[in-house]
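Let's walk through this model together, going from the whole chain down to single residues. Keep the sequence and the 3D view side by side as you read.

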Amino acid sequence: MNKSRRIIVGIALAATGAVAVGLAVSVPAASAQPAAAQPAAAAQHHGRPFGEAANKALLLRFLEDVLNEHNGNHAASYFTKDGQFHAGTVGTVTGRDNVGGLLTGVVTAIPDLHASLQDIRADGDEVLVRLVVTGTLKGPLLGLPGNGRPVRWDAIDLYRIEHGKISQEWAAEDFTAILNDSGVYKAPWIP
């Protein structure tokens with residue numbers, strides 16, 4: 001696989017796990033914070049409060065709408081105009097329309113994509129999520145064949161929120177698991 005294809009595959013795979021969450025899954029008690037313990041919103045934009053609770057709520061809506069409900073075409077509305085999706089060594093996607101296009105491709109290739117929220121934490125304008133993502137690779141995904149194989153991976157993603165929109169996302173996905181499950185690469189340590 002050439003370098004540019006590896007970059008595109010990595011970005012798409014990172015996006016898949018970065019933004020999928022099941023709202024039916026409860027957050028572990030250790031990460032839950034009573035409403036009284038959460039700081040009050042310090043600012044407002046168009047009459048909507050900002051703060052850690054509002055930022056978490058935005059992320060949960062984004063994850064549910066875009067990935068679990070398979071509305072990749074809604075992704076752009078959650079990002080700032082110049083929003084960036086950082087996928088580590090595989091590259092960066094810049095601009096809300098480009099991020100939206102990427103996520104549309106992901107939910108099209110994995111139409112039953114679902115992620116289970118394992119943890120969510122907020123610190124000011126940043127929200128961290130830990131997910132377990134599952135689905136079936138039914139369509140081609142930027143170099144990976146759509147072969148009907150089930151895929152499962154872990155993801156830890158950090159989002160920065162500005163004025164009620166996602167301005168930055170840093171995705172950390174278990175690429176070895178994705179490649180192994182899709183049949184593209186067999187890791188010798190995975191049974």
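Among contacts in the protein chain (heavy atoms within 4.5 Å) between residues at least 6 apart in sequence, 63% join residues at least 24 apart. This is a predicted model, in which local features need pLDDT of at least 70 and side-chain atom pairs count only at pLDDT 80 or more, while totals for chains, interfaces and linings use all residues. Residues are numbered from 1 along each chain as its sequence is written, and side-chain values use heavy atoms, with hydrogens and water left out.

The protein chain has four helices and eight strands; these are DSSP runs numbered from the N terminus, with helices being H or I of at least four residues and strands E of at least two. Followed along the sequence, their order is α-β-β-α-β-β-α-β-β-β-β-α. The accessible surface of the protein chain (Shrake-Rupley method, 1.4 Å probe; for residues, only the protein chains shown count as cover) comes to about 9300 Å², and 55% of that belongs to carbon and sulfur atoms. Of its 191 residues, 45% count as buried, where buried means under 20% relative accessible area, exposed means over 50%, and partly exposed lies in between (1.4 Å probe, protein chains only).

Now look inside. A nonpolar core here is a set of buried Ala, Val, Leu, Ile, Met, Phe, Trp, Tyr and Cys residues joined through side-chain atoms within 4.5 Å. The largest one has 40 residues, of which Phe62, Ile110, Val129, Trp153 and Tyr159 touch the most other members. At least two residues of this core come from each of α2, β3, α3 (96–109), β5, β6, β7, β8 and α4. In soluble globular proteins, nonpolar side chains tend to be buried together.

Strand β5 (residues 114–123) pairs with strand β6 (residues 126–137) in the antiparallel sense over nine bridges; for strands to pair, DSSP must find at least two bridges between them. Serine 116 has valine 132 in β6 as its bridge partner. The two strands form a hairpin with two residues between them, and glycine 124 in the turn has a positive phi of about 65 degrees.

Histidine 70, however, has a positive phi near 60 degrees. Histidine 70 sits in the loop between α2 (52–68) and β3 (79–86), and it counts as partly exposed because its relative accessibility is 30%. Histidine 163 also has a positive phi, about 55 degrees, in the loop between β7 (149–162) and β8 (165–173). With a relative accessible area of 58%, histidine 163 is exposed.

Leaving aside residues up to four places away in sequence, serine 167 touches Thr80, Gly83, Gln84, Arg160 and Glu162.

Finally, turn to α4 and what follows. Ala177, Ile178, Asn180 and Ser182 are buried in α4, and just after this helix glycine 183 takes a positive phi of about 85 degrees. Tyrosine 185 lies in the segment after α4 (175–182) and is partly exposed, since its relative accessible area is 36%.
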